[in-house]
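I opened this model to look at how its parts sit against one another. My notes follow in the order I looked things up.

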Protein chains: 4
Amino acid sequence: MDLADCYKKVRQRTEQICWPLQTEDYVVQPVVDVSPPKWHIGHVTWFFETFILKPYFMGYQEFNPNYNYVFNSYYETVGNRVIRTDRGNLSRPTVIDIYSYRKYVDEAMQGFLCGQISDEVKELLILGFNHEEQHQELLLTDIKYILGHNPLFPAYSTSYVSPKVDAVDAGFIKMDEGIYEIGFEGEGFCFDNELNRHKVYLNAYEISPNLVTNAQYLEFINSGGYHDFRHWHAEGWDWVNTNKVEAPLYWHLIDGEWHNYNYHGLQVLNINEPVCHISYFEAYAYASWKGLRLPTEFEWEAAATKFSWGKAWEWTESSYLPYPGFAKAPGAIGEYNGKFMVNQKVLRGASEATSPGHSRVTYRNFFQTNLRWQFTGIRLAR
Amino acid sequence: MDLADCYKKVRQRTEQICWPLQTEDYVVQPVVDVSPPKWHIGHVTWFFETFILKPYFMGYQEFNPNYNYVFNSYYETVGNRVIRTDRGNLSRPTVIDIYSYRKYVDEAMQGFLCGQISDEVKELLILGFNHEEQHQELLLTDIKYILGHNPLFPAYSTSYVSPKVDAVDAGFIKMDEGIYEIGFEGEGFCFDNELNRHKVYLNAYEISPNLVTNAQYLEFINSGGYHDFRHWHAEGWDWVNTNKVEAPLYWHLIDGEWHNYNYHGLQVLNINEPVCHISYFEAYAYASWKGLRLPTEFEWEAAATKFSWGKAWEWTESSYLPYPGFAKAPGAIGEYNGKFMVNQKVLRGASEATSPGHSRVTYRNFFQTNLRWQFTGIRLAR
Amino acid sequence: MDLADCYKKVRQRTEQICWPLQTEDYVVQPVVDVSPPKWHIGHVTWFFETFILKPYFMGYQEFNPNYNYVFNSYYETVGNRVIRTDRGNLSRPTVIDIYSYRKYVDEAMQGFLCGQISDEVKELLILGFNHEEQHQELLLTDIKYILGHNPLFPAYSTSYVSPKVDAVDAGFIKMDEGIYEIGFEGEGFCFDNELNRHKVYLNAYEISPNLVTNAQYLEFINSGGYHDFRHWHAEGWDWVNTNKVEAPLYWHLIDGEWHNYNYHGLQVLNINEPVCHISYFEAYAYASWKGLRLPTEFEWEAAATKFSWGKAWEWTESSYLPYPGFAKAPGAIGEYNGKFMVNQKVLRGASEATSPGHSRVTYRNFFQTNLRWQFTGIRLAR
Amino acid sequence: MDLADCYKKVRQRTEQICWPLQTEDYVVQPVVDVSPPKWHIGHVTWFFETFILKPYFMGYQEFNPNYNYVFNSYYETVGNRVIRTDRGNLSRPTVIDIYSYRKYVDEAMQGFLCGQISDEVKELLILGFNHEEQHQELLLTDIKYILGHNPLFPAYSTSYVSPKVDAVDAGFIKMDEGIYEIGFEGEGFCFDNELNRHKVYLNAYEISPNLVTNAQYLEFINSGGYHDFRHWHAEGWDWVNTNKVEAPLYWHLIDGEWHNYNYHGLQVLNINEPVCHISYFEAYAYASWKGLRLPTEFEWEAAATKFSWGKAWEWTESSYLPYPGFAKAPGAIGEYNGKFMVNQKVLRGASEATSPGHSRVTYRNFFQTNLRWQFTGIRLAR
């Protein structure tokens, strides 16, 4: 597929995700980690305008200089930005304004992509596609949060189809002690945090071919797991008690029966599905209660061809740190990953909300240890 | 005018105020004191449904039982309510949903008002009209806050006309020592907090026929008033320093020239207008800097026929307390005023945002000492 | 008694209050409203040094210039000060250092008081004595808080004798409608906030000759008073729920029996004593539950010769506001009272911790509506 | 040395550290991370009473059952505890009480140590010695914080001698790529977090034989390092701006000259000393500004015999995580290390405050990324 087609396809998928929304759903920000959908669709557009059109497309007229202030996310290099907690306070630009902005930039991009594209710009374009795919996932998780925290529990889309999960034999996969190669190599796109490919030494270990299910997690809840400090990190125990956490996000105990909110609305819990929307603290506590542990990201990657993955991001025991020889790109693009490499945990795999083809075996996702609004689950190791 | 006409007129005015809004403007809540416009238009509707239709209109079918949860403001008697800070997190019900709710209730009310209306219900209806007028003012001030805190500073309406203020001779009005009668008496509606009419003894005093202007307030700013603790209450001084307050709300110093945001957008400051959008702390500090003081609410009421008022709510020195013999009504209506009678100051007069005919000489408005998003100004006494 | 004797007597009483303390008890600040005892004994000394010795005693050598920073309370005129919340973080100057400072200033004062004293200085001296008496009460209440919040519940002094309260017939005292004179007049000392004496007009009212007892207050608790929003101000209701308040300060329910901490340690509750250590919110709620109300400060003062008072400061319905013609003194002394005249309630009477002879019928004490660490109780009116 | 001698020596060193303190210095807690010295000397005593005397010394009479509540630090297994932020609010038990407690336990321990000691108890004893040595370091750093944040800047001890640091040639030490063995092995004590010894694969790297000096760090400050977001993690950048950090802890710019507080009082900065009292965020930013990086804990350990260390704990790039095969001990002792293995960074080496002989090449210290009150410095790698 050529770049113009790729561009079109990526951009269209973003709009398809927003198709079921009401105008009001685009606007709100019920918690700091969630951004209003209209912000997402403006921000990914701003990315192409700022990093492609303005520097490389001669004669391009900026749509609106104030939008730089509104749609910058965290790029300090590119000037001031609306504080993240304030995104939900902005009624303007309206949704129609932002779709106009989107259309204006798309038309300019179509013109630009007819011309000669240097390798440097090609790289930026592919980064822009991957960036927009990341925001597609955030759109889906943020929409879930917005609707799932509304007292009316509206459905996102009744036609949404959640992926099937096949039951697999529960035996653990055995892996030998020795040196393994970790990190991306070869053709195709990867993020800077997947480089450089390097050797790690792993002790012998075993890893489960399955994710932990809701049924299994219910045993932890029912045995009092949320009330026994022994399973928790000290910081996790504080988190549980301060926030009075009793179950995964989106779970509701109604008349003695567990329900959870999904894209169809509030539903009786399907106990055969992988447990999802849990924090790292909960993943660790569950593993500890089981007498097992989470895999490191290296153990995960070394074994990843031996099990299926993709239903839920999987918390690993590894902190998000640079690989040997990691170097930030110069300029604003260099702010993409490196500056988040502290106090976060690596997640591997992908979730049902991840854009098709976006993830890969070497892909490193990362979040703080208390966050739950992503589709996050548990794979065990020992 | 009969009750059905009154109802129609009040309800239409609310919708006229919202006419210039975009859908997104109805949704956001940039600060806790401000409510999303869609919440206001739902809440005033819920008031008629809850206090008139459900108890008094036989056979009335509630529009949606969940709306009771969403649109209750602070009536503990009537069940749970959305926490005030969360109102801006709700994308549903949508604006169209709420206008449908409004239409449904209006049609039921029209039916109801064709029938025989008891005196008890008539009283509730008139309370409902006055309640909706209060929310009309809040709609205007909340819209101003929403648009005036947007980085694009959009105008609310270019056809909005601000009332003229006539220059008046600056001599103070002299009032004699003695007993004055305070509080409402006679025909017509008043709030419970205006009762009972009672005697107060006032020392001789003088009161200004004019409000303090922007030009006069600028002298206070330019002489360093915001940086001299001697003019401020201890609590006001903390407030100034914690919030780094340097000028009234909506004022912006741009290239050395003062601007303020009004319903037309961001404009050069009109120095002849009354100063507006200041807290009680600022009103007190200004008066103290002048070597004067604010009037008490009794001094204001006793002299109110001798000056014109209505351009901006006027902070008084009086705390908001019950009049002798004040009694709360039984049930939810009793929560209307009495439970706010602590740690608030009385404001007298009216503002350009007040619904026509809503206020009167005995009317008691009240807010906390740090609030500024209402149209609030200064009249001096000595 | 001459000024030198007065000085000596006031200063000695402060030291007698501290006699039972351990060194460690002088240091801590378990909550922002409480100051460490060593701070109090330094601060009252600093007051005489700063306002008497430095300006009026020629050749006086300041003890230590840094102490100005440490022991200033809230006088902005006199320079920087340790933030109130930080007082409990200071291990130096030590208790011995501060007693040395005290002795040094006392000796200088003795020298100074041998000389000629102008009327202006005499006024300052008497203010200093009254100021120290106010801090004597704070010492007693702060010591109670420090020891009463220690998990070991140590006694302050087993020889401490609490004043007796005589049972009085419960009929209310009737007071006629009319004009009353309020405020201080005559010989002797008063604070600026008791001036000027002026007329107020009061409706007919009745006031109780007794304070509400623990037994009576227990009825309120046992009837669910802390769980019924109807008795509370909206702000009081928030306060109750945020702080999970279930009883007066220092009350502990141990094995089904109410105890409270007093200067002898943790004791079984004496139900015949006046209820004490309650906030204004609680006083109001109790009165509201009874179908009665609190008196205004004017009603209290007009009737004060007809009942006995002095066991506990009595919350009134009146906000702390200036009397007609109130004027702040120039300079630092002017910061004494006026700048606190916002968002506080007046208390009348005196408590068992008040220095003998310190209070009077026109005396105006004042605190925020949520505070409970003073000896504060309830007298009812209707 | 036999166990009884070891016990005596460790206990005496704790008391020697406290020798220069005033009673008041034992009491305060100016920030949550710092504990009052009297708490430390009670807590280490409680450790021997709780884990040795009560379970293993027949007939032992507990000194005071309430002390369990007061001196427990974070052992959830052993019951309730005073919340960490409240330690500075406790005036009782007094310093004399706690020294009596200490003496009582020491005498019991001397009796106990005359008897037969099982291997299990011997292990606990040695853990107790190492535990007390850790608190000796905390005593020194907490005392520094208490006195160094007092506005009088008192000296701790004028006879305190700070260790010399020899200037070393600045060339980096080269280390080969390959497999290295990491973790403790052999005779003698180690903490559970140093186990198990295991293989890691390291790329070739270079590491500095010296710590970064104050002179070198001043270049970073003077070149605007604290004001350039490019050197910082996003979370570090927030930390710098929220806390307005401009220099290491204890640094003061007085009349244009840098001073820092040390155990002798406030002194002119010695620019040849290693920079100290910086957070991980600052260490990372400095390294980034230099175009270098911090070593991982594995790189540090593999090279540690080739440079001298011990002047200041050295931040590493490694997160604090369990080694392969790490297992928590059962019971309260199992809470020692494992539950802190999240969102902290490993520090290697030792500081001038570390007890002699306490640290070793495999020792793993750990703190949150924003903390600075320990003696923490920078060694660079590339």
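Entry 1, domain placement. I took the C-alpha centres of domain 1 of chain A and domain 2 of chain A and found them 27 Å apart. The model is predicted, and I read it as such. The domain assignment I used puts domain 1 at 3-149 and domain 2 at 173-381 of chain A. In the contact I counted 28 residues from domain 1 of chain A and 27 residues from domain 2 of chain A.

Entry 2, area between the domains. I computed about 2,600 Å² buried between domain 1 of chain A and domain 2 of chain A. Carbon and sulfur atoms give 61% of that area. I then asked which three residues supply more than any others of the area that domain 1 of chain A buries against domain 2 of chain A. They are A:Tyr74, A:Glu137 and A:Lys144, with 28%.

I searched the interface of domain 1 of chain A and domain 2 of chain A for salt bridges and found 0. The search for polar contacts there returned 13 residue pairs, with both residues at pLDDT 80 or more.

The largest share, 17 residues, comes from α5(A). Sorting this side of domain 1 of chain A by class, I got 13 nonpolar, 8 polar and 7 charged residues.

Next I turned to the contact between chains, where 35 residues of chain A meet 35 residues of chain D. Chain A and chain D bury about 2,700 Å² between them, and 55% of this lies on carbon and sulfur atoms.

For polar contacts between chain A and chain D I counted 9 residue pairs, both residues at pLDDT 80 or more.

I noted β3 (198-202), α7 (234-242), α8 (280-290) and β8 (313-319) of chain A as each supplying at least two residues of the side that touches chain D. The largest share of that side is 4 residues, from β3(A). By class, I find 16 nonpolar, 9 polar and 10 charged residues on the side of chain A that touches chain D.

Key: Residues numbered from 1 in each chain as written. Chains lettered and ligands numbered in written order. Predicted model: local features only at pLDDT ≥ 70, side-chain atom pairs only at ≥ 80, totals over all residues. Heavy atoms only, no water. Domains from an automatic or database assignment. Contact = heavy atoms within 4.5 Å. Buried area = accessible area lost by both parts, 1.4 Å probe. Salt bridge = Lys/Arg side-chain N within 4 Å of Asp/Glu carboxyl O. Polar contact = N/O pair within 3.5 Å; in protein donor to acceptor, adjacent residues only side chain to side chain. Nonpolar A, V, L, I, M, F, W, Y, C, P; charged D, E, K, R; others polar.
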